[in-house]
Amino acid sequence: MRNPFIAGSWVRGENFFGRADLLRDILEGESDSIWVAGARRLGKTSLLKQLEYRVQQSTQTPFVPLYWDLQGSADSRGLADGLLGSVEDSESFRRATDIDVEDLEGLSVADMLTTLVRRTVRSGWRLLLLVDEAEEFLAVARTDTVVLPRLRRIFQKGPDVRTVLTATKRLARIDEMTDVDTSPFLQGFIPPVYLTPLAADEARALLVRGQFSKDEVEMVLERTANHPFLVQLIASRLFESRDLGATLDQVAADEMVSNFFSVDFQTLDGDERALLEQMARDGARSRKELAQAIRRTEEAVEPLLYGLRMMGYLTAENGSYRIGNWFFERWLRRVTASAGARPA
Ligand SMILES: Nc1ncnc2c1ncn2[C@@H]1O[C@H](COP(=O)(O)OP(=O)(O)O)[C@@H](O)[C@H]1O
Ligand SMILES: [Mg+2]
């Protein structure tokens with residue numbers, strides 16, 4: 001039997017597990033401006049690809065989806081090239097909207113997007129714009145001050161276009177960078193919807209593919225706190241080795257996994273990192289203790305704890321907070337222990 005687990009590239013269709021409520025809210029809810037905030041490898045690209053897939057399979061949807069990955073765009077020229085590439089890659093979008101790539105070549109990104117919306121509406125559809133790696137807007141904002149306000153006006157064209165942005169929490173910084181006299185870029189997109197780890201029964205449904213024992217399944221859920229990438233990574237290796245102890249040790253020591261935690265941790269802001277470091281050092285702590293430790297009020301740490309809990313970094317039980325998954329906790333203990341040698 002072939003290894004049924006996928007750890008690394010995005011998943012959709014029969015390989016996509018869970019998130020039914022979120023998919024429905026995005027497709028059938030009221031809001032036309034949605035920011036889904038999630039940590040790295042939590043399934044942001046998969047979510048967008050699944051939305052695209054679901055809409056393409058549906059006979060009753062009002063939407064035509066277009067997936068647009070901003071990674072590496074860097075400036076407004078890069079955004080335009082990327083958007084053109086998205087149209088080129090999606091034959092079903094071109095067919096539904098009767099757009100030819102030649103109609104778009106040479107246009108600025110804002111003009112191109114305006115054209116896409118106009119042609120979509122003229123063909124009787126609404127545009128479902130699926131924008132991946134939206135942190136790239138931070139880089140764009142550094143090189144170009146006019147393009148973002150123009151894009152914002154198009155994203156918020158009401159019912160003609162429904163925009164779903166995915167990014168880590170870092171995207172919030174964009175409204176600290178932009179001009180005070182232009183409207184905030186994320187207006188309408190905040191507060192974000194958080195992408196959470198999988199629910200336990202969703203992770204179990206995924207693990208059924210490996211025909212593991214019940215104890216093995218429960219141990220994987222406990223150690224990963226249902227983080228979909230870690231579940232898939234461990235399941236994939238366990239499928240080959242059939243030795244859970246060795247697999248857990250191997251994943252805990254894996255360079256790629258440490259690197260993933262390290263890059264992910266840097267997407268959080270200073271207070272969020274300080275809270276997690278505190279828990280890694282001292283174990284479970286109350287909100288009051290945490291607030292004192294990082295010299296903030298309880299009111300100030302509450303929204304931070306909420307976001308961290310939603311993204312799966314920590315779990316809360318009886319008013320006490322601790323790090324959500326064992327692998328992340330081990331990694332953070334290691335780095336805080338070695339940093340602890342230096343004065344703060
Ligand atoms: N809904 C899901 N069902 C099953 N596995 C998932 C799901 N979402 C993410 N994964 C796992 O996480 C990995 C990373 O997903 P991806 O969508 O690329 O995350 P991101 O874009 O947030 O970095 C995938 O390779 C897969 O192993
Ligand atoms: Mg991604």
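1. Start with ligand 1: 22 residues surround it, and the closest are G43, K44, T45, S46 and Q232. A residue counts as near the ligand if its C-beta atom, placed from the backbone, lies within 6 Å of it. This is a predicted model, where local features need pLDDT of at least 70, side-chain atom pairs count only at pLDDT 80 or more, and totals for chains, interfaces and linings use all residues. Residues are numbered from 1 along each chain as its sequence is written, while chains are lettered from A and ligands numbered from 1 in the order in which they are written.

2. Helices α2 (44-57) and α11 (228-241) each give at least two residues to that shell. Helices here are DSSP runs (H or I, at least four residues), numbered from the N terminus. By class, the shell has 10 nonpolar, 8 polar and 4 charged residues. Ala, Val, Leu, Ile, Met, Phe, Trp, Tyr, Cys and Pro count as nonpolar, Asp, Glu, Lys and Arg as charged, and the others, Gly among them, as polar.

3. Now look at α6 (residues 136-143): its buried residues are E136, F137 and V140. Buried means 20 or more other C-beta atoms within 10 Å of the residue's own, with C-beta atoms placed from the backbone. Down the axis of α6, the buried residues fall within an arc of 95° (taken from the directions from the helix axis to the C-beta atoms), so they line one face of the helix. Their cover includes α3 (76-89), α7 and α8 (174-177); contact means C-beta atoms, placed from the backbone, within 7 Å.

How values were computed
A residue is buried if 20 or more other C-beta atoms lie within 10 Å of its own, exposed if 12 or fewer, and partly exposed in between; C-beta atoms are placed from the backbone. Two residues are in contact if their C-beta atoms, placed from the backbone, lie within 7 Å.
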